[in-house]
Amino acid sequence: MNFLLILLAIAFGIGGLWCTILIFIDMFQDAIWKGLIGLLCGLYFLYYALFEYDHENKWIIVLISLGGNGIAAGL
């Protein structure tokens, strides 16, 4: 059972990390200072992801980024 939880946590962690990287790429392309502040301040990352990030699948990427990392940390 523990092995399955570890695999599930790894899967959610990889998905969350990939989506977080997509958001960070957009932040650094928009402005270098936004990317640096996003790295240093999690609240700005959340603000940028919710209000400034523009992508055709925005909500899927944001939910996987935030939810995937949260679930992986919880498991």
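Predicted model: local features only at pLDDT ≥ 70, side-chain atom pairs only at ≥ 80, totals over all residues.
Is W18 buried or exposed? I opened my notebook with this residue, and W18 turns out to be exposed, because its relative accessible area is 55% and the cut-off for exposed is over 50%.

**Entry 1: the whole chain**

I started with the overall plan. I found four helices and zero strands in the protein chain, and reading along the sequence gave me the pattern α-α-α-α. The C-alpha trace spans about 45 × 25 × 15 Å along its principal axes. I looked up burial next: of the 75 residues, 29% are buried. The chain exposes about 5100 Å², and 75% of that comes from carbon and sulfur atoms. I also checked contacts with a separation of 6 or more, and 47% of them join residues 24 or more positions apart.

**Entry 2: helix α1**

I then followed helix α1, which runs over residues 2-30. Helix α1 has 29 residues and reaches 42 Å from its first C-alpha to its last, close to the 42 Å expected at 1.5 Å a residue. I listed its buried residues: A9, G16, C19, T20, I23, F24 and M27. What do these buried residues pack against? They pack against α2 (32-40), α3 (42-52) and α4. My opening residue, W18, is in helix α1 too.

**Entry 3: the core**

Which residues make up the largest nonpolar core? I counted eleven residues in all: C19, I23, F24, M27, Y44, F45, Y48, A49, Y53, I61 and V62. The elements that give two or more residues to this core are α1, α3 and α4.

Leaving out residues up to four places away in sequence, I61 touches C19, L22, I23, Y53 and H55. I also compared I61 with W18: the two are 43 residues apart in sequence, and their C-alpha atoms are 9.1 Å apart in space.

**Entry 4: the nonpolar patch**

I found a nonpolar patch of about 1200 Å², made by M1, F3, L4, L5, I6, L7, L8, I10, F12, I14, I71 and L75. Helix α1 supplies the largest share of this patch, nine residues. I71 is found in helix α4, residues 58-74.

**Entry 5: a loop residue**

I stopped at A31, which sits in the loop between α1 and α2. Its relative accessible area is 16%, so A31 is buried. I also looked up a distance: A31 and I21 are ten residues apart along the chain, and their C-alpha atoms are separated by 15 Å.

**Entry 6: salt bridges**

How many salt bridges are there? My count comes to two. One joins the side chains of D30 and K34, at 2.8 Å from N to O. The other joins the side chains of K34 and E52, at 3.0 Å from N to O. This second pair links distant parts of the chain, with K34 in helix α2 and E52 in helix α3, 18 residues apart. The bridges share partners, and they join D30, K34 and E52 into one network.

K34 is buried, with a relative accessible area of 13%. D30 is partly exposed at 43%, and E52 is partly exposed at 24%.

Key:
Residues numbered from 1 in each chain as written. Heavy atoms only, no water. Patch = residues over 30% accessible without salt bridge, like charges linked within 9 Å, V, L, I, M, F, W, Y side chains within 5 Å. Areas by Shrake-Rupley, 256 points an atom, 1.4 Å probe, with all protein chains shown as cover. Salt bridge = Lys/Arg side-chain N within 4 Å of Asp/Glu carboxyl O. Expected span 1.5 Å × (residues − 1). Buried < 20%, exposed > 50% of the residue type's maximum accessible area, 1.4 Å probe, protein only. Contact = heavy atoms within 4.5 Å. Core = buried A, V, L, I, M, F, W, Y, C linked by side-chain atoms within 4.5 Å.
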